[in-house]
Structure formats: structure tokens, C-alpha cells
Amino acid sequence: MPQYILGVDEGTTSARAFVMDEDTNVLGFGQAELTQLYPRPGWLEHDPMQILNTQLEVMRAALRTAGIRPEQLSAVGLTNQRESALVWDKATGRPIYNLIVWASRHSDEIVAQWVASGFGDLIMERTGLVPDAFYAASKIRWILDAVPGAQERAERGELLAGTVDSWLIWNLTGRTSFCTEPSNASQTMMMNLATCEWDDDLLAHMRIPRSMLPEIVASDAEFGSIDATFGAAVPITAVLGDQQAGLFGQAALHPGQVKMTYGTAGVLNINNGPNAFRPQGLTPSAAWNIGGQLCYETEGVVYAMGKTMQWLRDDLQLIHAAPDSEWYAGQVSSTEGVYLVPAFTGLAAPTWDPSARAVLVGMSNATNRLHVIRAAVESMVFQTRDLVDAAVLGSGFDIPELRVDGGAVKNDLLCQLQADILGVPVARPQNSEATIFGAMLLAGLSAGVYGSLDEVEAKWVVDRMFEPQISRDQADSMYAGWTAARQLTRGWTNQVA
Ligand code: ADP
């Protein structure tokens, strides 16, 4: 009898669901857009009821297109946008305010106060995170301040708070299960990184009652069964935040294994095994708790990856579509010393400089648009090396290869240049949907569809390996040019203000 797994991906822009069989063949798919609410510049919210309803809709659509009935499913795996937070009424199930999305700046002032009072140091020590409005804690604090009577109600035990995984689990299980797991909890700024439990000292200072938070269980726990409204009691057996799900979906299960996602932004995740490293400029986090084993990771985000291709296309109008970049960039064998550092909105990991702005340098009379397009492709590669070097420096791991995913990795030239600049092979898997694939694989492991982690690892199949083709000296001299160019972006808005 074939076994089927449902994957649920609650993303920032859309809700998605996949049905696959145990051989990872995707049989059905559903997707629906989420309405982005912008109550003020810099603020971003989602309607939590819409999140729930669209998620159910796409789950049903995935089953329908697969021709599978709910009772035929062995397990459900959930992955979700992290850091976004909401607060809801335990009795009515109604949110008291919209979901505040990770990118939103509602709680900048709260975090500034925490830092000014010296509390930021304790946050960093306990969570490993640099205090920021990005993480869930200050968003929950903001909602409790903004909604009249909410703090008192929270203290009386009438309200629940959490990231979007706990909201979905609570609803999908008919309000019987209120939990989260370490990959989500470690991005809230309330979890103690060493113990993977809520940190009571932090909660006391933040005035967030522990009783309103979900229990932190294992990532492969029994999260409860999707209740009868779905048509059958199907167990949710895996939950992972999106980037950790991507790491798992890339079968980067051993210390030192690393994945890079080349989407609009870029995200690197490196498996740290049982040790929580804190490399300079990167973010330490729990990767997962599977089979009772805690695994840590560090991650680094860069703001402009594929985004730079969109800029070439929409703003400079040098290309018609992002994939054209490969052909144009391939018409010249080098940029002839031209570098584009796409610090359009500042530099993220590992440099962290919000006042940086983009530069295009090194041009001569012979520079043409082909060189600029190639420099844009190379900017993805150099930014990735920045992250990998920081990860290696902070952990001591030798990186065996870079496993890549995201929309831009269809670009063969990008993958080849990446292998050249890093000096390690770049492995592009057949399955480019690492995130939802990771959630489904873990759900299958947890439900016994797969017997072991080795069996899961075997589901990761390479599409193409790109081997380094230039000397280390050549790579290092190209990279030296990049680091000099990157330096030029630093502090720009301070200089011209
Ligand atoms: P996200 O999920 O972050 O929206 P995707 O993983 O779908 O992003 O990737 C889309 C991004 O990849 C876009 O920014 C696009 O410009 C870029 N992209 C897509 N195809 C290519 C390509 N062949 N070469 C370079 N960049 C590409």
C-alpha cells in the first residue's frame, strides 16, 4: 500500500500544500495568496483567520488534485514563516490583533528601550540573538500594550500567544494542542538557546506570562490530529520553521553540512550538530529536536540575492527576465574588475550595516552592460562566500560542499561561479522545494513511513554537481576585489546625511 504525506507551508506571501508519496513523487498541489496588510509605512500584518482558512483550502486542493482522501494520509508536516507573532482569546479563538509579520517594524521602540536599559545584553546571552523587532517577543509585547486590557487578560490566563505554527496547530487540532518546537521558538527571543526552554528571566522582564505561551515539544512530536472538519483525523507529526525545514530538506543532517537558498533574499544555514556556535555576524538557532536529539545551526541572511536580478530587469531594464542574466553574463569571461555590491537596503549578515548603500565600481571605458550583468550574478556568489567564511571561522568545520536551492539556482553559471569562488563543489538537488520537502520528510520519519535518518538522506538526489574550476589564488584575488568594494558601501547614509 502506498503511503502519502501532506506538507503544509504557511509562507509570508502564500499558503501552499503538497501531497507526496513515500518515494517523494509530488501528486497534488494547492496554493493561495495571502493578503498583505500595510496599516502604516513599515508595518506588515496578516489576518490570522485568513491564514487558517487559506491553509485549509490549499490542503483540500492538494488532496483533490492528488486524488487522495484525507484518511489515506499517513502524516502531515508543517513548515512556516518564523518570527511572526499573534495573540488570541483562548475561549473564543478570535485573535485580539492581526498577526504581526516578521519584517514589520511595529515594535522598534520597545526593543530600543530594552537595549537602552541594558536588558539587551541578557537577551543576547540567553538567546544568542541580537535584539531586534524582527523576533516574536517584542511583537507580543506590542500587542499586549496596544490592545486595551490585554495585559490583565493575559495575566488572568485568558489569552494565548505564539508564532504561526502554534496558531495553526491549535486550530487544526480542534483547540486540543497548544505547542511549538525549538526551530520556531529559538526565533522568538524568549527561548534559552542552551536548554531550548522558555527563559523565565527574559519573560519576567518582558512581562509576558509564561502561561500564555505554547509548550516547546520536539520537532517530530505528536502534535495532535487534524480534527474532523478536515474529513479524517490525520496526525501532525512534524513542525519546522522554514529555514530549518530547508536544511532538513537538503538532507544537511550532519555537522558542517550547509545549504544556501537563492531566493529574492539569500539564506545560508549550517548544521552545527549538538553545539550552539555563535559565529560573528551570523545568527545561532536550534535546527531541530529529532529523536530526542537537539541539533543546532547558524544562519545568515543577505537582503539582495535574486532581488538584484529584479533590479536589473525592472529598474535598469538591462534584461527582460531574471534567467536572461545567465546568457548575458556568459558573453564575457570576466567583469574586467567591475564589482556590484547590492547593499540597496544596507548590508545584512555577516557585516550588519544598515547605513551601507549599493556601489558599482571598477568601470573603465570598455565596461558595457554585459560586465554589469555579470557583476550582478557574481554579487550573489561573493555574498555567499561572505557567509560561508563567517560560518567556517565561527565553527571550525570544513565545509564538504554547498547544497543550493531557490529560484536562482537554475542559473548554471551562478552555480559554477559559486563553486569556483568557494573552492568546494556546489550540489544542486533534483528537488528544488527544500522547505516543504523537509517538512514532509520529517513527518514521514516521525510517522514511521521512513525507518531511519539514513533512509531520509537517501531521498536527497543530486541533479548536478558543479566542481571548482579555477585556482584558489585566482578565486582569492577576485574575492579580495569584492571585499574592497564592499568596504566602499559602509556608512554611506551617515556620510551624505
Ligand atoms: P522567493 O521564494 O524568495 O520569492 P524564489 O526562490 O522563487 O524566491 O526565487 C526568485 C528569485 O530568483 C527572483 O528574485 C529572481 O530574480 C531570481 N531568479 C529566478 N531565476 C533566475 C535565474 N535563472 N538566474 C538568476 N536569478 C534568477
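These entries record what I looked up in one predicted model.

**Entry 1: ground rules**

I worked on a predicted model, in which local features need pLDDT of at least 70 and side-chain atom pairs count only at pLDDT 80 or more, while totals for chains, interfaces and linings use all residues. I counted residues from 1 along each chain as its sequence is written, and I took side-chain values from heavy atoms, with hydrogens and water left out.

**Entry 2: the ligand**

I found 13 residues surrounding the ligand, the closest being Thr264, Gly306, Gln310, Gly407 and Asn411. Helix α10 (residues 306–315) gives the largest share of this shell, 4 residues; I took helices (H or I, at least four residues) and strands (E, at least two) as DSSP runs, numbered from the N terminus. By class I noted 4 nonpolar, 8 polar and 1 charged residues in the shell. In this scheme Ala, Val, Leu, Ile, Met, Phe, Trp, Tyr, Cys and Pro are nonpolar, Asp, Glu, Lys and Arg are charged, and the others, Gly among them, are polar.

I then listed polar contacts (pairs of N or O atoms within 3.5 Å). A polar side-chain atom of Gln310 lies 2.6 Å from a ligand oxygen atom. A polar backbone atom of Gly407 is 2.8 Å from an oxygen atom of the ligand. For Asn411, I read 3.1 Å between an N or O atom of the side chain and a nitrogen atom of the ligand. On its own the ligand has 580 Å² of accessible area, of which the protein covers 66%; the areas come from the Shrake-Rupley method with a 1.4 Å probe.

**Entry 3: cavities**

How many cavities of 30 Å³ or more does a search of the whole structure find? I recorded 2. A cavity here is a set of points on a 1 Å grid over the protein atoms alone where a 1.4 Å probe fits but cannot get out, and lining residues have an atom within 4 Å of a point. Volume is the space filled by probe spheres set on the points, which are joined across faces, edges and corners.

The largest cavity has a volume of about 100 Å³. Its lining has 14 residues, with Val302, Leu347, Ala348, Ala349 and Gln383 nearest the centre. I noted that α12 (369–395) and α16 (472–489) each supply at least two of the lining residues. The lining divides into 9 nonpolar, 3 polar and 2 charged residues.

The second largest cavity has a volume of about 40 Å³. Its lining includes Ala136, Ile140, Thr188 and Trp198, and the classes are 6 nonpolar, 4 polar and no charged residues.

**Entry 4: an open sheet**

I traced an open sheet of 6 strands in the order β3-β2-β1-β5-β14-β13, with mixed pairing; two strands pair if DSSP finds at least two bridges between them. β3 (26–33) and β13 (225–226) each have a single partner strand, so one side of each is left without a neighbour in the sheet. β13 pairs with β14 (residues 234–241) in the antiparallel sense over 2 bridges, and Ile226 stands opposite Val234.

**Entry 5: backbone details**

I looked up the peptide bond from Ala349 to Pro350 and found it cis, with omega near -10 degrees. Pro350 is in the loop between β19 (339–341) and β20 (359–361). Glu83 is not a glycine, yet has a positive phi of about 70 degrees; I placed Glu83 in the loop between β5 (73–80) and β6 (85–89).

Methods:
On a 1 Å grid over the protein atoms alone, a cavity is a set of points where a 1.4 Å probe fits but cannot get out, and a pocket is an open set with protein on both sides within 12 Å along at least five of seven lines; lining residues have an atom within 4 Å of a point. A residue is near a molecule or strand if one of its heavy atoms lies within 4 Å of it. A polar contact is a pair of N or O atoms within 3.5 Å; within protein, one must be able to donate a hydrogen and the other to accept it, and residues adjacent in sequence count only if both atoms are side-chain atoms.
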